[in-house]
Structure formats: C-alpha cells, structure tokens
Amino acid sequence: MLDDLLIRPYRDTDARATRAIFERAVRVTAAAHYTAEQRTAWVPDDPLAVVLDDWAARRAAVTTWVAVIDDSVVGFTDLDVETGYLDMLFVDPDAGRRGVGSALIRQVLDQARSVELREVTVQASRTAQPVFERHGFVVVREQRVERRGVLIENAVMRMVLDA
Ligand SMILES: CC(C)(COP(=O)(O)OP(=O)(O)OC[C@H]1O[C@@H](n2cnc3c(N)ncnc32)[C@H](O)[C@@H]1OP(=O)(O)O)[C@@H](O)C(=O)NCCC(=O)NCCS
C-alpha cells in the first residue's frame, strides 16, 4: 500500500478532507488512549460549515503537507518553520498503522533540516508518542492541557537536529 503513498504540499482544496481526517482520527483512533469525554473536548461535534473557514485559515498559516494514496488524502501534518513547532499529525483510521504517520514525520524533519532549524517540538498525544520516539524525539515533560474544561494528557517532545 505504501508504494502508492505520495506526500505533497497542502492546497486550499484539502481543507474539507483534512478536517474530516482530524475528526475521525480523534474520535476513532485516539479512543485507544482517551475517554469519550476527552475526545469530545478535543473535537466538539460542531457542524463543518461552522468550523471550515477557521480550519482552512489555520492550515494555510503554517507549512502543511498531506499524505495521498490513490488520489485520496489519508493524513496530514504541519511545521511552523519559524519556531520548529509541529502542531498536527493525523492519519485516517482506515489508513492507520501502515507507516503513513512516519512518512509525514520524515517530511517534517527533512524540511526542518533544509531550513536549518535547531529542533522540532510537538505536544504528542499518547497515541502518537511511540511514533515520534521511533524518529528520535524524546519526552521533555508530561503534561495535562485543558480543553473546554477537560484535562487531556500529552507529552512535550523534542527532536534536536544536527548542526
Ligand atoms: C498518531 C498517528 C498520526 C499515527 O499514524 P500512523 O499512520 O498509524 O503511524 P505509523 O503507521 O507510522 O505508526 C503506527 C504507530 O502509531 C501508534 N498507533 C496508531 N494507531 C494506533 C491505535 N489504533 N492504537 C494504538 N496505537 C496506535 C502505534 O504506536 C503504532 O505502532 P504499532 O502499529 O507498531 O503498534 C495516528 O494514529 C493518529 O492520527 N492518531 C490519532 C490522533 C493523534 O493522536 N494525533 C497526534 C496528535 S499529536
């Protein structure tokens, strides 16, 4: 399956697909590590029409890549090339555990090196933590962040890049 995987830059027309992946990844995949209450606080059940413009603006504000298989977007990630902060890594549950997330992380690290960032940081979910560890990220601290009054555990992780 990964023979057909393509990583390409985000386009404005990817807004709807990436939002759907974000919602499905949290609701389905993150259920392995987070309660229903935590997942609803993370991604409330707002209508797409309400969230899409804001979502599209946020995607376009940072460097974002999508993973494509057979012309379908199956995952995405991003990097703020000014700060080295990776905000989002989400893969559709139907495409999970086949290396799509890893391919997206490799893309971020390649980009970070090419713009000579010293490090990449992320607030990794429990689901994502092992994936980032495989790529050399280390936990800086465990934390709980509040979303809509609910505490959600994650870990600040950092990957130091060679000079
Ligand atoms: C984290 C995520 C992006 C990984 O994508 P992926 O394409 O499955 O990643 P890879 O195939 O490269 O790595 C798979 C690893 O992810 C973790 N993982 C993925 N799906 C999982 C699941 N359903 N249950 C538990 N762990 C899971 C495991 O560590 C897995 O390794 P394993 O299969 O050897 O156990 C994806 O699982 C996801 O979108 N999760 C929900 C949203 C989330 O937590 N995003 C991160 C926010 S920082």
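Predicted model: local features only at pLDDT ≥ 70, side-chain atom pairs only at ≥ 80, totals over all residues.
View 1. Let's start on the outside: D110, R113 and S114 are exposed, and they sit on the face of α4 turned away from its buried side.

**View 2. The buried side of α4.** Which residues of α4 are buried? They are V100, G101, L104, I105, V108 and A112. These residues lie on the same side of α4 because they cover an arc of only 140 degrees around the axis. From its first C-alpha to its last, this helix of 15 residues reaches 21 Å, close to the 21 Å expected at 1.5 Å a residue.

**View 3. Helix α1 and its buried residues.** Now turn to α1, where A15, T18, R19, I21, A25 and V26 are buried. Looking down the axis of α1, you would find its buried residues within an arc of 160 degrees, so they line one face of the helix. What covers them? Among the covering elements are the helices α2 and α3 and the strands β2, β3 and β5. With 13 residues, α1 reaches 18 Å from first C-alpha to last, close to the 18 Å expected at 1.5 Å a residue.

**View 4. The shell around the ligand.** How many residues surround the ligand? There are 22, and the closest are A25, A32, G101, S102 and S125. At least two residues of the shell come from each of α1, β5, α4, β6 and α5. Sorted by class, the shell has 13 nonpolar, 7 polar and 2 charged residues.

Note on methods: Residues numbered from 1 in each chain as written. Near = placed C-beta within 6 Å. Helix = DSSP H or I, 4+ residues; strand = E, 2+ residues; numbered from the N terminus. Nonpolar A, V, L, I, M, F, W, Y, C, P; charged D, E, K, R; others polar. Expected span 1.5 Å × (residues − 1). Buried ≥ 20, exposed ≤ 12 C-beta atoms within 10 Å, placed from the backbone. Arc of directions from axis to C-beta. Contact = placed C-beta atoms within 7 Å.
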